[in-house]
Amino acid sequence: MKKILVLLYHGVTNFKAGENNNLRNYNAKHLSKTIFEDQIEQISKSCNVISTDELIKNWQAKIEYKKPTVVITFDDGFQNNFSIAKPILEKYKVPATFYISTGNITNQKIFWVDTLEIMFTDTVIKEIVPKNMPFISDLISKDIQNLTLESRDNKIKILDKIKQKLKLCHPKKRNFFLENVAKELEVEKSYSIKDSHQDYSVLSWDELKKIKSNSLFTIGGHSRWHNILSKLKGQELEEEIYGSIKDIENNLGSFSGHYAYPEGQAEHFNLETIKILKKYGVKACPSAMQGLAEKNTQNLFNFKRVMVGIDQTSNSYLKKYLNGI
Ligand SMILES: [Zn+2]
């Protein structure tokens, strides 16, 4: 067997998605606890589940897998990784790697995509009026004709378009846009974790120490502020990468050499990113491109994962893989 299944989770939740005009977890970034436990139970029974350290070792030794092999990873560092996912992973004794954005953790700050989601939930504005709202209009350009915010589906369309645009911006430009979107929606530009729904909470360093103390688990880097690494150059890029590794070393005692690119599509990293990651001791960095990981066509700095939750194709990948490909 040449291909292995590297799963990419973000969060696991006990809550149903928000209803009506509440956009919380509209894209199923946080998987329901029951579905997650079913998946882990099935995987642990029918597959060989290996850690990211074993993945590197096997990759370099060109090992052929005899049994379907799965690697479990979590991106970002949501609090429910500790409170909900960890006990389930421990129950089935499966290893997992948690890639964390250290700036959000140290500062207990909500991710910018989630901040945007809360802005669109909180706004009482009923429609985007282009002449009064030049920033939002510019971000959604001519792609969206329906400008009402009264329908949940349309709100989601507008929000997704803005997220997609801002994911391609330099962080300074992104923050500038976010502030102006907040002004145009007449809402706050930032929200505190304490006052927000639990699905928006991030891990604390204490929780990460407890995760790390179980040898099943590995902690890896995922930038400081979830900034797009391909949009940074020179000093800024070094700080985002080296800073996040230093944060892990300072708070957890050591760095594992594992890292994952924020967003992780082809346009979100490049050769300079990989060069700096290697310079600071990173041994492997998966992408978030949807697919099975394979040695012949991919390497340890671009291998594919299957995103569970947001990307609905994950169900068919899981089914096909578990039934033997
Ligand atoms: Zn991420």
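**A zinc site and its salt bridges**

Let's start at Lys246, which counts as partly exposed at 31% relative accessibility; buried means under 20% relative accessible area, exposed over 50%, and partly exposed in between (1.4 Å probe, protein chains only). The model is predicted, so local features need pLDDT of at least 70 and side-chain atom pairs count only at pLDDT 80 or more, while totals for chains, interfaces and linings use all residues. Residues are numbered from 1 along each chain as its sequence is written, and side-chain values use heavy atoms, with hydrogens and water left out.

Lys246 joins Glu249 in a salt bridge (3.3 Å, N to O), a term for a side-chain nitrogen of Lys or Arg within 4 Å of a carboxyl oxygen of Asp or Glu. The two residues lie three apart in helix H10 (residues 234–252), about one helical turn; helices (H or I, at least four residues) and strands (E, at least two) are DSSP runs numbered from the N terminus. Glu249 is partly exposed too, at 30%.

In helix H3 (residues 80–91), Glu90 and Lys86 are four residues apart, again about one helical turn, and their side chains form a salt bridge at 3.2 Å, N to O. Here Lys86 is buried at 13%, whereas Glu90 is partly exposed at 28%.

Another salt bridge pairs Arg24 with Asp199, with closest N and O atoms 2.9 Å apart. This one links distant parts of the chain, 175 residues apart. Arg24 is buried at 9%, and Asp199 is buried at 3%.

Finally, turn to the zinc ion, coordinated by Asp76 (OD), His222 (NE2) and His226 (NE2) at 2.1 to 2.2 Å. Donors are N, O and S atoms within 2.8 Å of the metal (3.2 Å for Na, K and Ca); water is not among the atoms, so sites may look incomplete. Both His222 and His226 are buried.
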